[in-house]
Amino acid sequence: MIQKKTICLLLIVFVFALSVKADYAYHFKPIHKEFDQIAMRLNKADFNNERQDINPLWLDQLDSIARGEKNQQLKARAMYWRVRSTQMSAQPSQCIPMLQNALKITDTKNYEYDAACIHYQLAGNFDRIGQYFKCYTEAKEAIAIFEKYEDYYFLGNSYLLLVQLFHEIGNSEESQPYLQLARENYEKAHFPLNRIYFFEALIRENKDEAVALYKKAIREGNNDWGMTLQAYINLNEMLLKTGHPNEAEAQSRQAFELLQKYSPGNVMFHSMLAVNHATIRYEQGRYEEALSELNDLLQHTDQLRDEYLMLNIYRLLWQTHEKLGHRDEAYRYLVLYNKKYQSQEEEIRKQEVPKAQARESIARQADHIRLLEQEAELSKRLVWVIGLVALTILLAIAALFVYLYQRYRMHKMENRELQKSLEQEAIIYSMNLKNYEDDIQKKDREISSSTLLLTNKNEVLKQLSEITRRFSDDGKVPREFVREVNAVIGDSLKNDDEWSRFRLHFDSVHPDFFSKLKEASPELTENDLRLCAYIRIGMRAKQIAEMLSISSDSVNSNRYRLRKKLGLSRGDSLDDFVRRI
């Protein structure tokens, strides 16, 4: 849901499109005398902000004439005027389908001004529901036709709608050129510039300058009461922010007098002014008076459909009751405020996506249009040159064609040679890679074979040790002899020279293996590295046990500790991890 301030501002600019009497023509092409007379009355009341004088029967008469004449263009105009005249009370969901149907049956070739007005109405309604890029494209369509008809006032209104659009999507810098265009067209239409001052204040960052511009907008407002009331509301908010509540109160009284003069039964504006006035009372410390005004507003909650306005009401009620010491009531309205706030916050977050998309799409379209305009301008400047040097250009094109053809042939030949070279290099690379892999596999097999021989040697030595022990036990061999033999066998089994030779050979085949293991886990010992090397060449646990002269259980225990040092989880394979290094 769009915030109430945004909706209200949009409706002021969009609905009260000609709220001050101006010298403005009826641009619609005549079709049917009686229909046109009624439409002129609607147009006059609309332009002069005398909407209260519009008779609903006029709209019914337009529908009746269109049906009786069976004229599609009259039907389209009847739908346009119904939307235009009921905009303040109608929802976009009602207006947009009717306007789209009107545009569909409009003869845009012969009645393009009708199409422009419908595009303008669609733009305003799309903006109200947050479809910003559609608003932008519809407004651009309308502007192109209004420029053709030199309809300066509706041009000013359309440009102000774009200013409002860019302000809503958080791109106020882009609104500056459109604000200047709106001013220029209003001046051409001899229309007061109060709306220009209002929007200048809206996008101005300096609060004092904004206050001065809002006051100027109020002074120049004449009977543009909708925009003037919004200027009063914004001005009062600025005065409160700058610490001038008493001046804000005086401005608020003038705003109520203006509303009473032009539209005393307007619930929306009355509610906005009442919230504004209650805020002033709160800032002045007149809490009882503020509470009274807020309680009066609660009687119209069914008509205050907007989240933003109700959010302000609940916030003020919570803070006012808290100041008055009404803890229960303060807590109740705090809960309501939080609920409304969360609801609105979620809605605002949803709106940020289309805003960002609109900014990107508008920027992309603007770049495209700018490029087309540059190309069109360049084409105009080059027309006479092209006519004079046509033959030269043809010759240049022919020369260029020959040159490009030769370049193409050369490029094709170069590509062919390059392709052959790449294919040869790929073959050589593949062969080298295969040779390298074969060499690695051969060396791995040699390491494995030598390791297995060492394993068998160790096994033979153990068997010899066992045989000498048995002979000693049987008394066939002296025990001193057995001790000396076992000592020699033990030294051979513990000899680290074999491991050093193995490591030297292993490093030549896998040069970075041990360094990468140490990087993976600096805690690894020499035995851990040795175990990893045996795993790398594919030795089984039993063979490793024989090689290290330990039991298979000890190998499994060493494997478990190695997994922990390497940080492997239960599902990770130690063998796969080591082979990947």
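Which residue forms a salt bridge with Asp 36? The partner is Arg 77, and the closest N and O atoms of the two lie 3.5 Å apart. A salt bridge here is a side-chain nitrogen of Lys or Arg within 4 Å of a carboxyl oxygen of Asp or Glu. The pair links distant parts of the chain, with Asp 36 in helix α2 (residues 33–47) and Arg 77 in helix α4 (residues 72–85), 41 residues apart. Helices are DSSP runs of H or I with at least four residues, numbered from the N terminus. Both Asp 36 and Arg 77 are buried, where buried means under 20% relative accessible area, exposed means over 50%, and partly exposed lies in between (1.4 Å probe, protein chains only).

The model is predicted, so local features need pLDDT of at least 70 and side-chain atom pairs count only at pLDDT 80 or more, while totals for chains, interfaces and linings use all residues. Residues are numbered from 1 along each chain as its sequence is written, and side-chain values use heavy atoms, with hydrogens and water left out.

Back to the charged side chains. Side chains of opposite charge can pair when their charged atoms come close. The count of salt bridges comes to 20. In one of them, Glu 112 meets Lys 148 at 2.8 Å, N to O. Glu 112 lies in helix α6 (residues 112–128) and Lys 148 in helix α7 (residues 132–148), so this pair ties together parts that are 36 residues apart in sequence.

Another salt bridge joins the side chains of Arg 559 and Asp 575 (3.0 Å, N to O). Because Arg 559 lies in helix α24 (residues 552–566) and Asp 575 in helix α25 (residues 574–580), the pair ties together parts that are 16 residues apart in sequence. Arg 559 counts as partly exposed at 23% relative accessibility, and Asp 575 counts as partly exposed at 22%. Salt bridges that share partners also join Glu 249, Arg 253, Arg 281, Arg 286 and Glu 289 into one network.

Aromatic rings come next. A pair of aromatic rings is described by the distance of the centres and the angle of the planes. Rings of Phe, Tyr and Trp (its six-membered ring) pair if their centres lie within 6.5 Å; planes under 30 degrees apart count as stacked, over 60 as edge-to-face and the rest as tilted. The whole structure holds 27 aromatic pairs. In one, the rings of Tyr 26 and Phe 28 have centres 5.3 Å apart and planes at 45°, so the pair is tilted. Phe 28 counts as buried, at 6% relative accessibility. For Trp 225 and Phe 269, the ring centres are 5.6 Å apart and the planes stand at 65°, so this pair is edge-to-face. Trp 225 in helix α12 (residues 225–241) and Phe 269 in helix α14 (residues 267–284) are 44 residues apart, and both are buried. One aromatic cluster includes Tyr 26, Phe 28, Tyr 80 and Trp 81.

Finally, charge and ring can meet. The charged end of Arg 503 sits over the ring of Phe 514, 4.4 Å from its centre; this requires NZ of Lys or CZ of Arg within 6 Å of the ring centre and within 35 degrees of the ring normal.

Definitions and conventions:
Helix = DSSP H or I, 4+ residues; strand = E, 2+ residues; numbered from the N terminus.
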